[in-house]
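Subject: Structure for your review

Hello,

Here is the structure I said I would pass on. My notes on it follow below the entry.

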Amino acid sequence: MKSQATMICCLMLFLAIECSHYRSKIHIKDGDKLQHPEGKLKTGRIQEKCRGPCIPASNCSQPCAQPFHGEIGFTCHQNKWQKSTETCTSLSVETLFKDFNSASRLPLAASSIPVHVLDFRAPEPVESVAQGIRRNCPIDYACILDVVKSSEATSGNIAFIVELLRNISTDLSDNVTQDKMKSYSEVANHILDTAAISNWAFIPDKNTSSDLLQSVNLFARQLRLHNESENLVDELFIQAKGLRINHNTSEEKFNFSASMNSTTEGILGMIEIPRQELWNLPPNASQAISIAFPTLGTILKEVHLQNVSLPRPVNGLILSVILPEGLKQVLFTFEKINKSRSARAQCVGWHSRKRRWDENACETTLEIMNRVKCLCNYTNMVMSFSILMSPKSIDNKVLDYITCIGLSISIFSLILCLIVEAAVWSRVVMTEVSYIRHVCIVNIAVSLLIANVWFIINSNFHKKAQDSNWCVALTFFSHFFYLSLFFWMFFQALLIIYGILVVFHRMMKSRMMAIGFAVGYGCPLVIAGTTVAVTVPEKGYMRPDACWLNWDSTKALLAFAVPALVIVAVNLVVVLVVAVNTQRPSIGSSKSQDLAIIMRISKNVAILTPLLGLTWGFGVATLLEGTSLIFHIIFALLNAFQGFFILLFGTIMDHKIRDALKMRMSSLKGRSRAAENASLSPTNGSKLMNR
């Protein structure tokens with residue numbers, strides 16, 4: 001009886017401890033607050049801000065509320081304390097395995113075990129996650145799931161779980177099974193939940209999101225498939241599938257549909273392994289594994305691109321692939337999350353070493369409506385792919401019509417300008433000054449004409465590959481001739497200043513011609529050639545979506561923008577100097593004389609503005625985010641019709657050219673009349689009759 005009473009007491013004690021422990025684990029999620037057994041709402045984020053004075057750029061910290069350990073950092077911004085970092089965590093290696101090391105965590109069957117058999121000795125300490133998992137759940141990692149999934153997703157707990165997954169990937173990936181993959185993904189799914197996204201921003205280590213992606217890919221690489229096709233993981237925020245493939249396999253596809261949260265419809269994603277790539281596989285069977293992340297794109301941070309002025313939001317699923325050796329190219333189809341018409345797409349791959357999106361890893365092969373098709377190069381460093389939302393661009397039919405009509409008129413005007421210059425050349429280049437001036441106008445017209453033709457070819461050129469030699473050539477010549485346009489305008493501005501400042505001395509025509517061609521074609525050739533030599537080896541010369549200078553990775557576009565804007569600024573100063581040096585009114589001049597001078601100044605400015613390229617200054621306004629559509633329309637109008645303006649102000653409004661044209665026309669009429677009279681004369685008629 002005594003022994004039975006003892007056993008009953010022990011059993012009651014055990015059940016009491018068990019129930020108490022079970023109650024302590026019950027929680028009710030209310031935002032990010034937990035309901036504790038005491039009935040008080042507690043949170044890992046302290047609600048109070050720092051109590052000291054808020055001085056701009058100053059920092060302070062506050063301890064986390066119990067039961068969390070760590071602190072919350074605040075930064076003074078706009079005279080308010082705002083949270084900047086957080087390390088509040090309730091997880092540790094000991095808490096992961098305390099249920100298995102505690103004597104109170106006995107199975108219910110222990111009530112039938114004699115008391116003297118129960119071992120109440122102190123548990124052995126757990127030194128690492130790997131040691132604890134090998135001891136308690138070596139088959140499927142299930143022993144850590146309850147603790148992790150019941151923890152609040154504070155910034156500190158997220159960082160701890162990422163480190164936990166990284167340790168598992170490096171220390172426990174020798175024999176990865178499907179059960180282990182499922183448990184691993186459940187842990188990752190907990191911190192990829194949409195409710196946890198906002199807390200990722202306060203993790204001090206900005207590499208954490210990249211570490212998570214790399215750890216999942218590394219762990220999945222060690223998985224061994226047994227069936228032809230397997231759905232490995234089907235969590236809400238992470239999915240994984242696997243296929244057995246060989247060189248005789250037909251083209252294989254992975255199809256995914258994942259939602260951003262429980263209320264939205266699924267965003268589609270598809271991975272295709274081209275047939276020609278499968279031919280590179282050895283005869284023995286291989287495997288391919290794919291993983292889809294619907295929310296990781298919002299979390300993933302490009303640590304080394306913090307100063308990028310334009311945001312690069314991910315606009316689709318992140319799709320990872322683990323492929324056998326020999327497969328180098330994969331086709332991806334992404335459905336856009338933001339389906340607005342202006343949300344253009346850019347195919348990219350995540351470079352795990354550089355921790356940034358690599359535009360050179362992919363090219364966009366097709367973009368129709370809300371779907372984008374990408375051809376990407378797979379390497380050990382680039383295993384994850386997605387689409388970025390390109391910076392906002394003005395997609396307006398008005399601009400398209402203006403550009404199309406303006407370029408057509410501009411090209412026709414430039415051809416007419418060159419014909420007129422050729423017709424009157426001998427009559428208008430009587431002096432050295434006029435000769436150099438018309439040489440400038442002809443070269444400006446030639447450069448702009450060729451640049452416009454290259455622009456049209458670029459717009460209609462479908463780039464088959466990122467490293468296409470045709471695309472390199474198109475980009476180079478467009479860059480060169482647009483720069484030549486600006487440098488010839490710059491040389492013409494120098495001639496104007498030279499004519500104003502140096503009155504009694506004139507430079508030899510041959511020397512001025514040599515300087516003109518060195519400036520007009522030599523400088524652009526040096527700049528364009530250097531840009532190609534520096535950026536082509538790094539595959540950063542061209543944009544991923546067009547045959548034009550790259551901006552995102554190498555800033556090659558600066559090789560055009562900087563010289564052009566500097567020349568525009570210098571030429572603006574020249575126009576101001578011309579306006580100031582226009583004949584000033586004498587003392588006692590009448591209002592009519594003042595009006596004539598104002599008209600003369602306005603005429604000079606109007607003529608010089610298109611000839612010196614000042615209309616390109618409006619391009620600065622179009623580069624600013626949120627610029628009104630009217631600035632884009634003005635910029636398109638002024639520059640699409642620049643060829644027409646050169647014909648009007650540089651040729652037609654020149655009275656010498658008009659006089660030469662009149663003389664040319666009158667001489668042609670005189671010749672035609674003389675020929676007509678000669679054909680009607682009696683002498684000529686008799687000669688014809690004699691024949």
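Val-562 counts as partly exposed, because its relative accessibility is 43%, which falls between the 20% and 50% cut-offs. Val-562 sits in helix 15, which covers residues 558–581. Together with Trp-551, Leu-558, Val-566 and Val-570, Val-562 makes a nonpolar surface patch of about 380 Å². Please keep in mind throughout that this is a predicted model.

Backbone

Lys-555 is in the loop between strand 19 (546–549) and helix 15. Phi of Lys-555 is positive, near 60°, although the residue is not a glycine. With a relative accessibility of 32%, Lys-555 counts as partly exposed. For context, most residues other than glycine have a negative phi, and most peptide bonds are trans.

Arg-355 also has a positive phi, about 55°, and is not a glycine. Its place is the loop between strand 13 (345–351) and strand 14 (356–358).

There is a cis peptide bond to note as well: Gln-66 and Pro-67 are joined by one, with omega at about 10°. Pro-67 belongs to the loop that runs between strand 3 (59–63) and strand 4 (71–77).

Salt bridges

How many salt bridges does a search of the whole structure find? The search gives seven. Three of them are described here.

Arg-355 comes up again in the pair with Asp-211, where the side chains meet in a salt bridge at 3.1 Å, N to O. This pair links distant parts of the chain: Asp-211 is in helix 8 (residues 208–221), Arg-355 is in the loop between strand 13 and strand 14, and the two are 144 residues apart. The cut-off for buried is under 20%.

Lys-149 and Glu-186 form a salt bridge through their side chains, at 3.0 Å from N to O. Lys-149 is partly exposed, because its relative accessibility is 43%.

In the salt bridge of Lys-83 with Glu-86, the closest N and O atoms are 2.9 Å apart. Lys-83 counts as partly exposed because its relative accessible area is 23%. Glu-86 has 0% relative accessibility and therefore counts as buried.

Rolling a probe the size of a water molecule over the atoms shows where empty space is left. Searching the whole structure turns up one cavity of 30 Å³ or more. The largest cavity holds about 30 Å³ of space. Its lining consists of Ile-436, Val-439, Trp-488, Phe-491, Met-512, Met-513, Gly-516 and Phe-517. Helix 12 (432–459), helix 13 (469–501) and helix 14 (509–535) are the elements that give two or more residues to this lining.

Which element gives the largest share of the lining? That is helix 14, with four residues. By type, the lining of the largest cavity has seven nonpolar residues, one polar residue and no charged ones.

Regards

Note on methods:
Residues are numbered from 1 along each chain as its sequence is written. This is a predicted model: local features need pLDDT of at least 70, side-chain atom pairs count only at pLDDT 80 or more; totals for chains, interfaces and linings use all residues. Side-chain values use heavy atoms; hydrogens and water are left out. Patches are made of residues with over 30% relative accessible area and no salt bridge: like charges are joined within 9 Å, nonpolar side chains (Val, Leu, Ile, Met, Phe, Trp, Tyr) within 5 Å. Accessible areas come from the Shrake-Rupley method with a 1.4 Å probe; for residues, only the protein chains shown count as cover. A salt bridge is a side-chain nitrogen of Lys or Arg within 4 Å of a carboxyl oxygen of Asp or Glu. Buried means under 20% relative accessible area, exposed over 50%, partly exposed in between (1.4 Å probe, protein chains only). On a 1 Å grid over the protein atoms alone, a cavity is a set of points where a 1.4 Å probe fits but cannot get out, and a pocket is an open set with protein on both sides within 12 Å along at least five of seven lines; lining residues have an atom within 4 Å of a point. Grid points are joined across faces, edges and corners, and a volume is the space filled by probe spheres set on the points. Ala, Val, Leu, Ile, Met, Phe, Trp, Tyr, Cys and Pro count as nonpolar, Asp, Glu, Lys and Arg as charged, and the others, Gly among them, as polar.
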